[in-house]
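Here is a short report on a two-chain model. Please look through the sequence and the coordinates first.

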Amino acid sequence: MSIPSRQIPFSSFFAEHSPAVAGFLRGMLGHHEAEECLQEAFIAALRAYDRFDGENPRAWVLAIARRKAIDAGRARRRRPPPSPEADSVEAPAADGAALDAEVWTEVAALPERQRATLVLRYALDLRYREIGFVLGCSEEAARRNAHEGISKLRQTRIQEVA
Amino acid sequence: MADGTTGTALGEARIRSVIRAASPTDVDAPELAAALAARADREGLIEVAYSSVDSPVGTLMVAATDAGLVRLGLAGTDHGLMLEQLAGTVGPRVIETSARFDPLRRELEEYFEGRRRRFEYPLDWRLTSGFVRTVLERTAEIPFGSTRTYAEMATLAGSPRAFRAAGSALGANPIPILVPCHRVLRKGGGLGGYAGGLDTKRTLLRIEGALE
C-alpha cells in the first residue's frame with residue numbers, strides 16, 4: 001500500500017498561528033475591531049488554504065491578516081467615528097502609564113507600513129526576513145521601516161520636550 | 001530610567017514594551033475555533049469535519065465529508081496522524097466541529113447499548129478502491145449478530161483464493177464499527193486480528209450477541 005500523503009490540517013494551522021495573528025491585529029486596530037478581523041483573516045486563509053505552498057505559514061497568514069486590517073481601517077474611516085479610538089489605548093493604570101498611552105498614540109499615528117513592522121518586530125519577535133515576507137518587501141526594506149518608525153517616534157518626543 | 005519621564009529622547013526599550021503591552025497574543029482558542037468552524041460550515045468551506053466521540057471502547061475520532069463518514073479512528077489510533085492523512089488525501093480544510101455529528105453520536109450510543117442493529121449515517125467510501133473496496137462493501141452487508149471467515153469474504157468479493165488479501169483489506173478498513181470488519185473471524189472461531197485491539201473486537205461481538 002502506498003504511504004498516504006500528509007498535510008497540516010487547517011485546525012492545527014489555526015491553533016498554532018491564531019495567537020500571533022491576534023497579537024498583530026491588536027497592535028494594528030482597536031481591540032474590539034481586532035477580534036472581528038481575526039475571524040475574517042482566518043476565513044480568508046481557509047478559503048486560500050488549498051493554494052498555500054506550505055512555506056512560511058506564519059508570514060503567509062500574517063500577510064492575509066494585514067490586508068484585512070487595512071480593509072477594516074478603510075471601512076472605519078468611511079463611517080462616522082462613534083467614539084474615536086476609544087478602545088485602542090489601554091487605560092492608564094500605573095506610574096508612567098500616561099507616557100505609555102502617549103507613546104502608543106504616536107505608534108498608532110505612524111504610517112501603516114512602519115507600525116506593522118514595529119508590531120511584528122516588538123510584539124511578535126519576528127526577524128526582518130520574515131517581516132519582509134509579510135509586507136512583501138526585502139529584509140533590508142523591513143529593517144529600514146523599523147528604523148524610520150523608531151526615529152519618527154523619538155523625534156516626536158524630543159519636539160514635545162523642547 | 002533614561003527614557004522615563006525625565007524628558008529625554010524615547011528609548012527603544014520603552015517603545016518595545018509599549019507595543020508589546022498593546023498587542024497581547026493570548027486567545028481563547030477553543031471558543032475562537034468553534035466560532036470559526038460554525039462560520040466555515042455555513043459558508044461551505046469545510047472539506048473534512050471531525051469530532052471525538054466517547055464510547056465504551058474508548059474515545060473514537062470521527063471524520064466526515066459532505067458525502068458522509070469517511071474515517072473512524074478507534075481508541076489507540078494516532079489522531080494527529082489521522083487528521084494529517086485526511087488533509088493530505090481528502091483536502092486540507094480539516095475543521096473540528098461537533099454539531100454535524102449529533103446524529104452519528106446518537107446512533108453509536110444506541111448501538112453500544114444494544115438498541116441499534118444497523119447504522120443509517122451515510123458513508124463516504126473514497127479512501128478505499130479496487131479489491132479493498134469490494135471486500136469492505138461485502139463486509140458492510142454482514143448482518144448484526146452474524147460472523148464470516150476471511151475465506152468467505154474472499155469468495156464474496158469474487159476471489160476465493162485471495163483470503164490473505166481479504167484479511168489485509170479488512171485491516172485497512174477506514175470506517176471500522178460502521179463497516180463491521182469485527183464480524184470477520186478466523187476459520188474455526190479464532191478471533192483473527194483487529195486494528196483497535198482484540199479486546200475491542202471482543203466487546204463489539206459481545207454487544208451483538210455473536211460471542212459469549
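## Strand pairing in chain B

In chain B, strand E1 (residues 48-53) and strand E4 (residues 94-96) pair in the parallel sense, over 3 bridges. Across this pairing, B:Val48 faces B:Val94 of E4(B). The model is a predicted one.

E1(B) also pairs with strand E2 (residues 60-65) of chain B. This pairing is antiparallel and runs over 5 bridges. B:Ser51 has B:Val62 of E2(B) as its bridge partner. E1(B) and E2(B) make a hairpin, with 6 residues between the two strands. In the turn, B:Gly58 has a positive phi of about 95 degrees.

## Confidence

The model has an ipTM of 0.88 and a pTM of 0.88. For chain B the mean pLDDT is 93. In that chain, 96% of the residues reach 70 or more.

Residues 1-6 of chain B have pLDDT below 50. Beyond near neighbours in sequence, this stretch has 10 contacts in the model.

## Contact between chains A and B

How many residues does each chain bring to the contact? Chain A brings 43 residues and chain B brings 41 residues. On the chain A side, five helices each supply at least two residues: H1 (10-28), H2 (31-48), H4 (97-109), H5 (112-123) and H7 (139-161). H1(A) gives the most to this side, with 12 residues.

By residue class, the side of chain A that touches chain B splits into 27 nonpolar, 8 polar and 8 charged residues.

## The largest nonpolar core

The largest nonpolar core holds 94 residues. Which of them touch the most other members? They are A:Val21, A:Phe24, A:Leu25 and B:Val62.

Leaving aside neighbours within four places in sequence, A:Val21 is in contact with A:Leu38, A:Ala41, A:Val61, A:Leu62 and A:Ala65.

## Two domains in chain B

Chain B is divided into domain 1 (29-112) and domain 2 (130-207). Their centres, taken over C-alpha atoms, are separated by 24 Å. The contact between them takes 10 residues from domain 1 of chain B and 11 residues from domain 2 of chain B.

On the domain 1 side, strand E3 (residues 68-73) of chain B gives the most, with 4 residues. This side of domain 1 divides into 8 nonpolar, 1 polar and 1 charged.

## A loop residue: B:Lys187

B:Lys187 sits in the loop between strand E6 (184-185) and helix H8 (198-207) of chain B. Is B:Lys187 buried or exposed? B:Lys187 has 11 other C-beta atoms within 10 Å. A residue counts as exposed at 12 or fewer, so B:Lys187 is exposed.

B:Lys187 still has contacts along the chain. Not counting residues up to four places away in sequence, B:Lys187 touches B:Thr149 and B:Ala151. B:Leu156 is 31 residues from B:Lys187 along the chain, and their C-alpha atoms are separated by 15 Å.

Note on methods
Residues numbered from 1 in each chain as written. Chains lettered and ligands numbered in written order. Predicted model: local features only at pLDDT ≥ 70, side-chain atom pairs only at ≥ 80, totals over all residues. Contact = placed C-beta atoms within 7 Å. Nonpolar A, V, L, I, M, F, W, Y, C, P; charged D, E, K, R; others polar. Core = buried A, V, L, I, M, F, W, Y, C linked by C-beta atoms within 7 Å. Buried ≥ 20, exposed ≤ 12 C-beta atoms within 10 Å, placed from the backbone. Pairing = 2+ DSSP bridges. pLDDT = per-residue confidence, 0-100. Domains from an automatic or database assignment.
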